[in-house]
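Reader: Please pick a single part of this chain and take me through it closely. I would like to know how it sits against the rest.

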Amino acid sequence: MAKLSTEQLLEAFKELTLIELSEFVKAFEETFDVTAAAPVAVAGPAAAGGAAAEEVEEQSAFDVVLEAAGDKKIQVIKVVRELTSLGLGEAKAVVDGAPKAVLEGATKEAADKAKAALEEAGATVTLK
């Protein structure tokens with residue numbers, strides 16, 4: 001296969017939908033055993049506006065990080081299960097492994113609701 005230039009790759013990415021680009025990033029991460037520190041940076045150049053679109057995207061996606069479970073660990077596990085599609089064992093592993101992200105890339109409203117629910121259950125939570 002001929003080696004593609006950076007410009008050719010960018011042109012190819014511009015033709016992809018966001019879903020196709022997201023699938024490409026996942027496949028790339030699995031193939032090369034890496035993780036994208038900021039997946040938005042990959043989608044940024046494909047969007048019109050480049051850096052401006054990247055800034056807007058970063059501000060609209062939040063990670064809900066469980067810092068500590070607190071005294072009511074069982075209640076926190078229940079809330080984690082409600083917020084995610086995790087089973088009991090996986091939710092317990094998230095709570096036991098704190099600090100750990102419960103939700104990643106959530107909207108501001110979803111992140112605030114999740115934070116409020118977890119804090120009400122007794123957990124310590126931060127938004128990133």
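Author: A residue is called buried when its relative accessible area is under 20%, exposed when it is over 50%, and partly exposed in between. On that scale, buried residues make up 20% of the 128 residues in the chain. The model is a predicted one. Its pLDDT averages 78 over the chain, and 80% of the residues score at least 70.

Of the contacts in the chain with a separation of 6 or more, 60% are between residues 24 or more positions apart.

Among the elements, the highest mean pLDDT is that of helix 5, at 87, and the lowest is that of helix 3 (residues 39-43), at 48. Over residues 44-48 the pLDDT stays under 50, and the model has nine contacts beyond four places in sequence for this stretch.

Now the helix itself. Helix 7 covers residues 108-120, which is 13 residues. From its first C-alpha to its last it reaches 18 Å, close to the 18 Å expected at 1.5 Å a residue. Three residues of helix 7 are buried: A111, A114 and L118. Seen down the helix axis, the buried residues of helix 7 fall within an arc of 65 degrees, so they line one face of the helix. On the other side of helix 7, E109, K113 and E120 are exposed.

What lies over the buried face? The cover over the buried residues of helix 7 includes strand 1 (62-68), helix 5 (73-83), strand 2 (100-106) and strand 3 (124-127).

In soluble globular proteins, nonpolar side chains tend to be buried together. Here the largest nonpolar core has 20 residues, and L118 is one of those with the most contacts inside it, along with V64, L66, V76, V80, V95 and V102. Helix 7 supplies at least two residues of this core, as do strand 1, helix 5, helix 6 (88-96) and strand 2. Helix 5 gives the most, with four residues.

The whole structure contains five salt bridges. One of them joins the side chains of K108 and D112, at 3.7 Å from N to O. K108 and D112 are four residues apart in helix 7, so about one helical turn separates them. K108 counts as partly exposed because its relative accessibility is 41%, and D112 is partly exposed too, with a relative accessible area of 34%.

At 39% relative accessibility E119 counts as partly exposed, and so does K115, at 25%. Elsewhere, salt bridges with shared partners join K73, K92 and D96 into one network.

For comparison, helix 1 (residues 6-14) holds a pair of this kind as well. E11 forms a salt bridge with K14, with 3.5 Å between the closest N and O atoms. E11 and K14 are three residues apart, about one turn of helix 1. E11 is partly exposed, at 44% relative accessibility, and K14 is partly exposed at 48%.

Just after helix 7, G122 takes a positive phi of about 110 degrees. The segment after strand 3 contains K128, which is exposed, with a relative accessible area of 60%. Not counting residues up to four places away in sequence, K128 touches A61, F62, D63 and V65. K128 also lies 9.1 Å from E104, C-alpha to C-alpha, though the two are 24 residues apart in sequence.

Technical notes: Residues numbered from 1 in each chain as written. Heavy atoms only, no water. Expected span 1.5 Å × (residues − 1). Buried < 20%, exposed > 50% of the residue type's maximum accessible area, 1.4 Å probe, protein only. Arc of directions from axis to C-beta. Contact = heavy atoms within 4.5 Å. pLDDT = per-residue confidence, 0-100. Core = buried A, V, L, I, M, F, W, Y, C linked by side-chain atoms within 4.5 Å. Salt bridge = Lys/Arg side-chain N within 4 Å of Asp/Glu carboxyl O.
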